[in-house]
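Student: Could you walk me through how to read some features of a protein model? I would like the general idea and then the case at hand.

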Amino acid sequence: MIPGPIEVDPSVLRAMGEVTTSHVAPNFIESFGNSIELMRKIWMAPNGQPFIVAGSGTLAMDMAVCNLLESGDSALVISTGYFGERYKNILATYGANVTVLQAEIGEIVPLEKIEKELASKDYKLLTITHVDTSTGVLNDPEPIAKLAKIHNTLTILDGVCATAGEITKQDDWGIDIVLTGSQKAIGVPPGLALLVASKKAMKVWKNRKTPVQNYYGSFNNWLPIMEAYEERKPSYFGTPPVNLIRALEVSLALIDKEGIENRVSSHIHYAKAFRKAIQKIGLQLVPKRNEIAANTMSAIYYPDGVDGNQFRKDIGEYGVILAGGLHAEIKAKYFRVGHMGAITKSDIVATLSAIEYALQKQNYNFNFGESVGSFLKEI
Ligand SMILES: *Cc1c(COP(=O)(O)O)cnc(C)c1O
């Protein structure tokens with residue numbers, strides 16, 4: 001129950017175990033082409049250009065920047081935690097003038113602040129973390145993208161802990177790049193960087209004045225490959241991880257069969273019931289308001305007097321695996337629970353039971369059974 005890698009559907013795991021075919025075998029070309037087409041549906045980006053490249057989510061973050069940004073451009077990071085910091089570092093690597101708008105821990109950056117900053121300077125692009133996995137804070141990308149459009153600033157959405165678990169309407173919202181990694185809400189083992197670029201993003205990349213300062217991540221190398229697979233033709237730049245891409249096809253097809261809107265609704269439904277259960281026994285979320293709490297994961301403070309290391313150890317003994325803190329300033333004060341992808345009601349019930357078990361072992365004062373009862377009533 002950690003926020004990635006997540007538990008994957010058994011059919012996705014079985015796909016990983018199929019015979020490793022050639023990257024130019026007709027069955028694999030079909031899987032790759034189909035995955036590209038399915039990504040457009042799940043990203044709600046009928047006009048977007050998908051990219052599927054071996055690497056982690058950070059490679060997708062890197063590719064978005066190295067292809068759009070040129071040295072000396074100004075970039076704005078709207079940071080809600082650890083992964084905003086990472087974007088700052090990536091942008092600086094490519095010579096950007098970076099400004100960071102840092103939210104307080106558990107908060108978002110107010111829209112007025114973003115508007116003021118965009119009006120103050122000619123920003124080439126801005127980055128938003130859809131769900132920051134270090135704080136469990138959910139951003140609403142739509143109004144930010146609208147502001148960016150007014151100021152002719154490109155938008156990059158880090159959806160690594162969100163895409164396929166939080167609603168993402170890339171075309172409608174006018175987001176230039178939405179990126180993720182395979183191991184979060186997409187529901188595949190780790191190893192794939194996934195991103196979809198808008199028509200405008202592709203135009204900006206094509207019209208660059210300076211070459212892309214990255215070899216492996218350059219669209220120059222990958223666009224012909226994506227186009228070839230979509231046309232169901234063989235091609236080669238770097239050997240694709242064939243087993244992972246077959247697993248991706250299976251997982252994307254599962255999400256598409258359920259319907260992306262249904263998939264997101266069920267994440268919202270579970271997350272709401274989970275938060276309510278947690279709050280019922282007196283625990284506090286890191287996000288300061290329920291409206292900005294993620295639906296894919298939760299970040300939760302330990303109550304006063306509860307030892308975090310012992311708490312997680314007891315939970316482990318109970319058979320549930322949770323994650324510790326990630327945000328440097330509050331690292332020892334909270335824990336994180338992933339509730340995205342193929343998780344079931346029973347998984348959440350087991351998690352709440354484990355939390356209650358570990359809390360009562362440390363004599364935390366609460367009504368034993370109340371979080372589980374609350375969840376079962378809500379669900
Ligand atoms: C996990 C995560 C990343 C990094 O992905 P890796 O696959 O670990 O490189 C980036 N951004 C967010 C929001 C994440 O949750």
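Tutor: Gladly! Let us begin with a term: helices here are DSSP runs of H or I with at least four residues, numbered from the N terminus. Keep in mind that this is a predicted model.

Student: What kind of peptide bond joins Gly4 and Pro5?

Tutor: In general, most peptide bonds are trans. The bond between Gly4 and Pro5 is cis, with omega about -5 degrees.

Student: And phi? Which value does Asn152 have?

Tutor: Most residues other than glycine have a negative phi. Asn152 is not a glycine, yet its phi is positive, about 55 degrees. Asn152 sits in the loop between helix H6 (141-150) and strand S7 (154-158). Ala164 also has a positive phi, near 85 degrees, and is found in the loop between S7 and helix H7 (170-173).

Student: Are Asn152 and Ala164 buried or exposed?

Tutor: Buried means under 20% relative accessible area and exposed means over 50%. Asn152 counts as exposed because its relative accessibility is 55%, whereas Ala164, at 1%, counts as buried.

Student: Now a helix. Which residues of H8 are buried?

Tutor: An α-helix has 3.6 residues a turn, so residues three or four places apart point the same way. In helix H8 (residues 199-206), the buried ones are Ala201, Met202 and Trp205. These three lie on the same side of H8 because they cover an arc of only 100 degrees around the axis. Lys199, Lys203 and Lys206 are exposed on the face turned away from that buried side.

Student: What do the buried residues of H8 pack against?

Tutor: Their partners include strand S1 (49-54), helix H3 (57-68) and helix H9 (219-230).

Student: How should I read strand S2?

Tutor: In a regular strand the side chains alternate between the two faces of the sheet. In S2, Ser74, Leu76 and Ile78 point one way, while Ala75, Val77 and Ser79 point the other way, and all are buried.

Student: Which strands pair with S2?

Tutor: S2 (residues 74-79) pairs with strand S3 (residues 97-102) in the parallel sense, over six bridges, and there Ser74 stands opposite Asn97. S2 also runs parallel to strand S4 (residues 123-129), joined by five bridges; Ala75 has Leu125 as its bridge partner in S4. Finally, S2, helix H4 (residues 82-93) and S3 form a right-handed β-α-β unit.

Notes: Residues are numbered from 1 along each chain as its sequence is written. This is a predicted model: local features need pLDDT of at least 70, side-chain atom pairs count only at pLDDT 80 or more; totals for chains, interfaces and linings use all residues. Side-chain values use heavy atoms; hydrogens and water are left out. Buried means under 20% relative accessible area, exposed over 50%, partly exposed in between (1.4 Å probe, protein chains only). Helices (H or I, at least four residues) and strands (E, at least two) are DSSP runs, numbered from the N terminus. The arc is that of the directions from the helix axis to the C-beta atoms. Contact means heavy atoms within 4.5 Å. Two strands pair if DSSP finds at least two bridges between them. A crossover is right-handed if, with the strands pointing away from the viewer, the path from the first strand over the helix to the second runs clockwise.
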